[in-house]
Amino acid sequence: MATNVDFQGKTFVVDEDGFLEDFNTYTAEWVDYCKKEEGIETLSDEHWQVINVLQDYYKKNGIAPMVRVLSKLTGFKLKHIYELFPSGPGKGACKMAGLPKPTGCV
Amino acid sequence: MAFISSGFNPDKPLENRITDIGPRDFNEFYPPVIARNKGKWLYHEIIEPGVLVHVSETGEEVYTVRVGAARLMSGTLIREICDIADKHCDGHLRFTTRNNIEFMVDSKDKVAPLKADLASRKFPGGSFKFPIGGTGCGVTNIVHTQGWLHCHTPASDASGTVKATMDVLFKDFQDMRLPAQLRVSMACCLNMCGAVHCSDIAILGYHRKPPKMDHEYLDKLCEIPLAIAACPTAAIKPKKITLDSGAIVNSIDVNQDRCMYCGNCYTMCPSLPLADTEGDGIVLMAGGKVSNRISAPKFSKVVVAFIENDMPRWPKMTQTISRMVEAYASGARKYERFGDWAERIGWERFFEKCEIEFTHHLIDDFRDHAYHTWRQTTQFKF
């Protein structure tokens with residue numbers, strides 16, 4: 001079920017879990033919009049570092065990185081990633097980075 | 001209904017958050033007689049189908065009454081189970097690994113009233129709420145999955161097929177006439193959640209058509225390399241597709257001749273649905289076990305390649321299962337599990353005894369290992 005979200009003059013099409021339907025519609029406003037429902041008060045450089053790594057990896061490889069790869073590329077342990085994104089790397093960080101919703105037996 | 005807060009503050013989700021506390025310690029819920037005699041049990045007996053007694057070195061006894069359960073149950077039914085436990089068992093009960101319910105009492109004279117109470121309870125439709133049984137050499141509960149109730153990848157239903165099968169095998173739930181225990185399991189797709197790959201008889205949901213490709217959304221919703229890597233037969237490759245609108249998008253191509261309809265790609269990619277009313281159905285497998293008793297654990301083998309979904313009672317499936325159970329009951333020796341029996345008499349005899357047609361679908365053709373399932377010997381019965 002796709003729904004439209006209007007935020008700061010931009011319109012995003014999202015699914016029922018709040019993931020962007022198309023990675024190409026990502027803009028920086030999207031991160032601001034997601035912030036609240038992901039339980040993040042202010043975005044630090046570390047947040048942006050995770051988001052940028054996810055986006056670069058997705059553009060290059062067509063998949064989201066494995067958690068170990070994300071840890072290695074950012075230098076953040078999983079515990080720290082959870083401190084940054086309380087919902088975790090999948091539901092939190094990937095969603096804010098505009099990546100497709102994680103699939104499989106999750 | 002109006003919103004009623006539990007005290008959680010959505011503006012500060014991490015405030016007062018309790019995590020990583022794990023499950024409650026099982027010691028908190030022991031009946032006193034179990035707690036007192038833990039690790040001191042001497043022997044046990046099956047007094048009658050569904051009723052066990054364990055005797056401790058201290059001389060104490062605990063009587064267990066096992067009853068069937070539909071696994072999927074309402075809060076109302078759980079409250080009724082709690083009422084029975086309050087009335088007869090000082091508020092204690094347990095669930096088994098096959099989702100039966102066990103009520104435990106500490107003296108023999110408490111067994112008869114408990115049994116009478118359990119046996120008297122029925123649903124308005126007439127089925128037993130708490131049928132007593134499931135012990136010894138009989139058929140106990142069917143380990144099963146979500147089916148059409150909750151899952152998005154099933155090829156058949158779980159609760160429906162299980163109810164139909166248990167109705168047919170009900171007398172064996174309340175009896176112990178078989179050569180050994182017979183485990184039946186059900187999984188609604190080849191993900192095989194549960195125990196189908198290692199059960200005496202297994203019911204498995206199966207597709208017969210390749211996935212449909214939603215090219216417009218595929219690249220947006222899916223991580224294409226994951227869908228490609230999800231295929232066990234490498235039937236999927238990446239492809240550029242021109243949509244009706246003229247736009248060129250990244251998508252995939254499914255080689256229909258290589259696809260065996262496992263549905264793994266749909267698990268990874270929502271744009272590859274494959275469920276189909278006529279195509280989907282049931283595969284029956286047989287001969288698996290997990291215990292190490294006499295023979296080593298075995299995988300179950302496919303014995304019926306396809307039975308159509310025939311809701312709501314799946315008559316052809318239940319008839320085939322009951323033929324298999326009857327052939328096993330009359331043919332196997334004492335202590336022989338279903339797979340032990342089939343291997344002793346030879347699978348060619350198994351198909352004859354169970355009146356199951358052998359089709360080419362049953363011959364393994366997956367990779368190198370398939371060769372080892374063919375017969376490299378002249379030992380064969382006509």
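**Structural briefing**

Over all chains, the structure holds 17 aromatic pairs, a pair being two rings of Phe, Tyr or Trp (its six-membered ring) with centres within 6.5 Å, counted as stacked if the planes are under 30 degrees apart, edge-to-face if over 60, and tilted otherwise. This is a predicted model, in which local features need pLDDT of at least 70 and side-chain atom pairs count only at pLDDT 80 or more, while totals for chains, interfaces and linings use all residues. Residues are numbered from 1 along each chain as its sequence is written, chains are lettered from A and ligands numbered from 1 in the order in which they are written, and side-chain values use heavy atoms, with hydrogens and water left out.

**Aromatic residues**

- In one of these pairs, the ring centres of F338(B) and W341(B) are 5.5 Å apart and the planes stand at 80°, so the pair is edge-to-face.
- F338(B) and W341(B) both belong to helix α10 (residues 338-345) of chain B, where they are three residues apart, about one turn of the helix; helices are DSSP runs of H or I with at least four residues, strands are runs of E with at least two, and both are numbered from the N terminus.
- Both residues, F338(B) and W341(B), are buried (under 20% relative accessible area; exposed is over 50% and partly exposed in between, with a 1.4 Å probe and protein chains only).
- Ring pairs join F338(B) and W341(B) with Y328(B), W347(B), F350(B), F351(B) and F358(B) in a cluster.

**Helix α2 of chain B**

- The buried residues of α2(B) are L77(B), E80(B), I81(B), I84(B), A85(B) and H88(B).
- These residues cover an arc of only 140° around the axis, which puts them on the same side of α2(B); the arc is that of the directions from the helix axis to the C-beta atoms.
- T76(B), R79(B) and D86(B) are exposed on the other side of α2(B).
- D90(B), which follows α2(B), has a positive phi, near 55°.

**Sheet in chain B**

- Four strands form an open sheet of mixed pairing in the order β6-β7-β10-β11 (chain B); two strands pair if DSSP finds at least two bridges between them.
- The edge strands, β6 (184-187) and β11 (301-308) of chain B, each pair on one side only.
- Strands β6(B) and β7(B) (residues 201-206) run parallel and are joined by four bridges.
- Within this pairing, S185(B) stands opposite A202(B) in β7(B).
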